[in-house]
Amino acid sequence: MDDAELKPRVKELIVKQLKLDIDPAAIADSAPLFGESADGLGLDSIDALELVLGLEKEFGIKVQDEEVGVKAFASVDALCDFIRSKAA
Amino acid sequence: MPSLPPLPHVFPFRFVSRTLERSPEYSGKVSADWTSNGSLARVAFPATLLPEMLAQAALLIQGGDPEIGRTGFLAGISDFSIERTPMAGDRLVIEVRMAGQFASTVKFSGVIRRDDGQPVATGSITVKQGLTRPENPAT
């Protein structure tokens, strides 16, 4: 799956799973998903669990290791890399 | 199955009675006997406490973190719908299953019914395990 197809799907997943009231296209590819960064989404640990559940439902990928999850959820770019690595 | 540490909740904030069924996959059934002489039964049971009842049932089934026991707090409520308010004398059965876990955050889904099968509430709750209160920076 290439970036042109995967990134919009991942952004759609984030917005839908977390019930965010934003346009998925407005999420910057490299912006941090978690934390207090001004250009990030400011997600928290409960959102992280929702992303884990969403990834399993949408892509059939399980995230069981916290360390792996923290790296994968750094940004949309990182999440796409993680999904591709699991699909390979 | 190994015995589990006790649930920390006590009267009058203890809403569940005992475990009826428990599987290693963290699903099961818990009873809640709503006695007519309990303090909460003297007034209409606040339905807003049903998610807390589901959370206590969930921790009875899941057992909490083996290192720290069943400590934690109710951190989220989602897709929760309440069909009826429990009445004094009701015996409730709570069916609960673990929907997912990431680090110390655990989500459970469940259904609360009267023992005659009438639905009381359904929904999901999220529990943050291991922390009982935010750290106070002043101390």
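Predicted model: local features only at pLDDT ≥ 70, side-chain atom pairs only at ≥ 80, totals over all residues.
Local features need pLDDT of at least 70 and side-chain atom pairs 80 or more, while totals for chains, interfaces and linings use all residues. Residues are numbered from 1 along each chain as written, chains are lettered from A, and hydrogens and water are left out of side-chain values, which use heavy atoms.

**Exercise 1.** Find the volume of the largest pocket and work out which element gives the largest share of its lining.

*Solution.* 
- Start with the term: on a 1 Å grid over the protein atoms alone, a pocket is an open set of points where a 1.4 Å probe fits, with protein on both sides within 12 Å along at least five of seven lines; lining residues have an atom within 4 Å of a point.
- The largest pocket holds about 380 Å³, a volume being the space filled by probe spheres set on the points.
- Its lining has 21 residues, and Gln17(A), Lys19(A), Glu50(A), Ser78(B) and Lys107(B) are the closest to the centre.
- Seven residues come from α2(A), the largest share (helices are DSSP runs of H or I with at least four residues, strands runs of E with at least two).

**Exercise 2.** Which element leads the lining of the second largest pocket, and how does that lining divide by residue type?

*Solution.* 
- This pocket has a volume of about 240 Å³.
- Among its lining residues are Val52(A), Glu56(A), Gly100(B) and Phe102(B).
- β4(B) gives the largest share, four residues.
- By type, the lining has six nonpolar, three polar and three charged residues, where Asp, Glu, Lys and Arg count as charged, and Gly is among the polar ones.
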